[in-house]
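Hi there,

Here is the structure I promised to pass on to you. Have a look at it first, and then read my notes below.

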Amino acid sequence: MQLQSRFERPVRAVGYLLLAAMVVNLYLIFFFAPEERSMGQIQKIFYFHVPCAWVSFLAFFVVFVYSIAYLWKKERRYDLIAHSAGEIGVVFATLVLITGPIWARPVWNTWWEWSPRLTLFLVLWFIFVAYLMLRGFVEDKEKAARFSAVFGIVGFLDVPIVYLSIRLWRDIHPSPVVREGGLAPDMWVAFGFSLFTFTLLFIYLLYLRVQLQKSEVALSDLKRQLVY
Amino acid sequence: MKSTLGLVFVLLGMFSLDLQAQTARLVHYQGTLLDSDGAPFTGTTDLHFAIYTRPMAQQPIWSETHRNVPVNEGRYEVLLGSENPLSLSFYEYYLEVKAAGTDQPAQRVPIAGSGFNYRMQFLFAAYTIVWLAIFLYLVTITRRQKKIISELELLAQSSSSQVTT
């Protein structure tokens, strides 16, 4: 548990910062950010739909990096981080799949469209749900970690395809306003701060989830010791 | 720390519900006013507005009076909620309009949520789902961690007692 004591203080600081950021973020989204001309208030879903997508991509990137690290170094802690990030990624990807249709219903007049972006994101969600399920199916922990690492690396390849899909194919999904300067300056402030808050939330959740993984490993090790 | 964070999540959820309850703060209303002969009225008059939950309800849930409202060829417009704040979650209500100096019972007209309110419900639904899901995930992690720690302590105690015997 050396890692826990080393990072306990900075993570606590991140936690307090997160509390403040969440309140400020709420104010910025609902009171500071101006109303979008054509969509009205519903456009404000953007301020947590896009950060949720960003966190899921970031989490799957962490899975990718730590899966490579695990296959290379064969150290258990890399697999724990990859597994934790995968779970958080699935949680946030689920939120993307929920908030997206909630936005689409009043704007597109439909909950879902089988467009390339939406379909590929759904495929990404299925890939990482399968990634989490795979660990439960394989009994040998080392084998499960190895299979999952390979699966996580291959699964991540869908992320750039999802991101580029609206450029590669005709799509009903809105084009990337962030890069093309489609946001008003006040919208930028709210959006930037929302990204910051959700990134902090990801760091905080990842730390807690990794600590939980370590405790689970410690418990199973202790149980094994007592049996023998 | 975790409990404080949990409290903030609950407060954020409550805040969203509170915001939803206060969605319609100002409602733009246009009406027609006729004089006793049935001709369009021109001039200024006081108008009393009241909102009821049912067509025959006795007690209004909200009311306000607009003084010296300009009426041009029977047409007038007001912003309901500008005198007395409106905090209604719009579904279906009945609006009663009464001009000053009229003895006739006022007619009630049904009013429903506008596109704005309809869209706001989607926004609040999405917002509440996001924070509720994150809060529940955080609670799940914390509870599992606590359970494992207590199990670890129990096992450590039992193993030390085995050693002493």
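In which loop of chain A does Lys74(A) lie? Lys74(A) sits in the loop between helix 2 (46–73) and helix 3 (76–108) of chain A; helices (H or I, at least four residues) and strands (E, at least two) are DSSP runs, numbered from the N terminus.

Before going on: this is a predicted model, in which local features need pLDDT of at least 70 and side-chain atom pairs count only at pLDDT 80 or more, while totals for chains, interfaces and linings use all residues. Residues are numbered from 1 along each chain as its sequence is written, and chains are lettered from A and ligands numbered from 1 in the order in which they are written.

Most residues other than glycine have a negative phi. Lys74(A), however, has a positive phi near 60°. Glu73(B) also has a positive phi, of about 50°, without being a glycine, and is found in the loop between strand 3 (62–71) and strand 4 (75–80) of chain B. Lys74(A) is partly exposed, with 13 other C-beta atoms within 10 Å, and Glu73(B) is exposed, with 11. (Buried takes 20 or more such atoms, exposed 12 or fewer, partly exposed in between; C-beta atoms are placed from the backbone.)

Chain B has two helices and six strands, in the order α-β-β-β-β-β-β-α. Of its 165 residues, 16% are buried.

Finally, the contact between the chains takes 30 residues from chain B and 33 residues from chain A, counting residues whose C-beta atoms lie within 7 Å. Helix 2 of chain B gives the most to its side, with 23 residues.

Enjoy exploring!

Conventions:
Two residues are in contact if their C-beta atoms, placed from the backbone, lie within 7 Å.
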